[in-house]
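Here is a short report for a reader new to this structure. Look at the sequence and the model first, then read on.

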Amino acid sequence: MGTESIQFHRDADRLTHDLRHRGLIQKALGGYYVKRDEQKAKYTDWQEARTSAAAAKYEAVNHLDKYLLELTEKLEARGTKVFWAADGAEAAEYISSVARNAGVKRIIKSKTMTGEEIHLGPALEKAGLEVVESDLGEFIVQLREEPPYHIVFPSMHLTRGEIDETFQKKLGSPHADTPEELTMIARGVMRQKYCQADMGMSGANFAVAETGHISITENEGNARLSTTLPKVLVSIVGIEKVIPKLEDLAVLLPMLATAGAGQNMTCYNTLLGGPRQPGETDGPTEFHVVLLDNKRTSLLADAEQRDALHCIRCGACLNVCPIFKNIGGHSYGTTYQGPIGSVITPHLRGLQSWKHLSFSSSLCGACHEACPVRIDLHHHLLQNRRNAIAEKSVWWEKPIFAGFAWFMRRPALYRLAAPMLRLGAPVLHAIRGKFFDPARMWTGTRDLPPAPPQSFKEYWRKRNG
Amino acid sequence: MKITLFIPCFIDQYYPGAGIGMVRILEKLGHAVEYPESQTCCGQPAFNSGYWDEARSVAETMLDAFRDAEVVVGVSGSCGAMLKVFYPELFHGHPREAEAKALAAKTHEFSSFLVNVLGVGDLGVSYPAKATFHDGCHGLREMGIKREPRELLKHVRGLELVEMKEAETCCGFGGTFSVKFPEISTAMGEVKCASILETGAELVISNDSSCLMQIQGILDRQGKKIRSMHLAEVLANF
């Protein structure tokens, strides 16, 4: 087992026993389910809406060559500088140089998972820049020096009390009881940072090729401030975020809000079309869009799993995933948690190091059912498993499955299984859960059923006897 | 109609009552049933573990076993989905792809076959109990079976069906997942069992015995006095 897999097993096993954590997540998501279902009920046909959303993303992802060029052309026409970054290092290098050239010292950032993916914050801090997160949830986990717990709800694992503790310790703020008080503390800190920042940084929910717009969705207004107040703006955009037409947003924005947070529409939806234009009095004077590949093109090359690039990062698959709900977001050890993370991380960061996430699934399919853009998530987990084994089988598993196949191809031999089971079952029962119990991976936590007096095959033979 | 039975290895070895129940019901409805004895396992454990070559070699024995069948009716949503949904994928580009597709097309899950093909609702049985129904994920999401078992249970005299809070949430079994990641699998099962216990039911019914092995295994370990039964066993109570 690689270090990633060892870490996963350790953290996942610990959290599955943490009943406080289980209760916290169940409660948080319980509220989400109610709101999501209320919003879904407003659609004339949610399934048709999923099909439309998937079609828009399919068109974009299967014609990236066309739409990325169109997006670039439209953005550049209004004075935006577009940089194509092959990986995180190139993106960080470019953004650092933009900061250097513009004499930037402080950056205010609004939530970007793409930025998280390439560890952009730490890279810029290393270049001597101050980077402050302005999304409340992200701000909290940044103070705690933790990665986001969930791609949409970064601090959903924390209670109000824990947030209060963090604020007292890191900000020296007085004890606060209510969400309103806590928000005011965060706001007090952030307002200063907005005014001091000389660079704003954002991600993108969508990038509209037709009109050359970056579309940002948020509930706190922090992205609007981060993107419009500082003199320099950088938006980091995964290449799969491009969509063909402005009208695609008509289906994608409400679906993102409903699937992601159980909202009709997210509170603030902003379209950024370029830097300050002649005659305009506000807005950034420089606008840079960094188009990031970072192995997205290798996922694109996999025709079977290409639809994973449809992902709009709504988090719906995490919210319904029974694995996620029990092991929590941090156990994954990835930027993208839950089913989508388990599917794409092997493509982005190496199959052999991250295959364990694809195996850690009951393949229940709740993720696929919840996905607003119809990504075939649980089947992709199966494909990752197949690809991982085809590339490198597990030394002790290979003979087991070869033996299994040899045995199951011999019906006459298979018939002996029932009497063997009857003989073995009492022995297994007596040693259940013990170290030398061959079934202890099952019996450690669960009972085995008793062996029945006859198998179906025996019944059938007797009946036709 | 001549019906060919698909009795997955799991049912054969551990839960023959489900298979026997299905035989009795189909015969009561006046159908001839046959059971090719050369069938063993559908190959799902190897398939789900990434060993597709091994899975395919096992699956070929099933293609042979059911070659001449008119309709194949299976008593498990999960193994049924293996034949119906995953065989075409497993044999994609393989010389026997057409056979796999043909088998997929004639394979049915038991409750769906009764309701949608035979048009049966009321089997004229009674089973006095307060029960809840667990939807096995493969039956539910791969094969779209949700209404059918409930339609059949609705007509069972004396059976009070109480829906649990998260009937569609996975029980955590997941085949080899349950022994590869026993802690996660058990935690999922505990959540499921809590939903079951909340209903106050004395009986949990499912169309998948593998889910019931997980659920009953946890309930037994917890010392809870709830029984589990396959849908076919309940419906064969005549």
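## A buried methionine and its surroundings

B:M164 is buried, as 21 other C-beta atoms lie within 10 Å. Buried here means 20 or more other C-beta atoms within 10 Å of the residue's own, exposed means 12 or fewer, and partly exposed lies in between; C-beta atoms are placed from the backbone. This is a predicted model: local features need pLDDT of at least 70, side-chain atom pairs count only at pLDDT 80 or more, and totals for chains, interfaces and linings use all residues. Residues are numbered from 1 along each chain as its sequence is written, while chains are lettered from A and ligands numbered from 1 in the order in which they are written.

B:M164 sits in the loop between strand 6 (157-161) and helix 10 (177-180) of chain B. Helices (H or I, at least four residues) and strands (E, at least two) are DSSP runs, numbered from the N terminus. Beyond its neighbours within four places in sequence, B:M164 contacts B:T132, B:S195, B:I196, B:E198 and B:T199. Contact means C-beta atoms, placed from the backbone, within 7 Å.

Between the chains, 51 residues of chain B are in contact with 48 residues of chain A. Helices supplying at least two residues each to this side of chain B include helix 2 (16-28) and helix 11 (182-199).

| Residue | Phi | C-beta neighbours within 10 Å |
|---|---|---|
| A:R374 | near 55° | 18, partly exposed |

How values were computed: Two residues are in contact if their C-beta atoms, placed from the backbone, lie within 7 Å.
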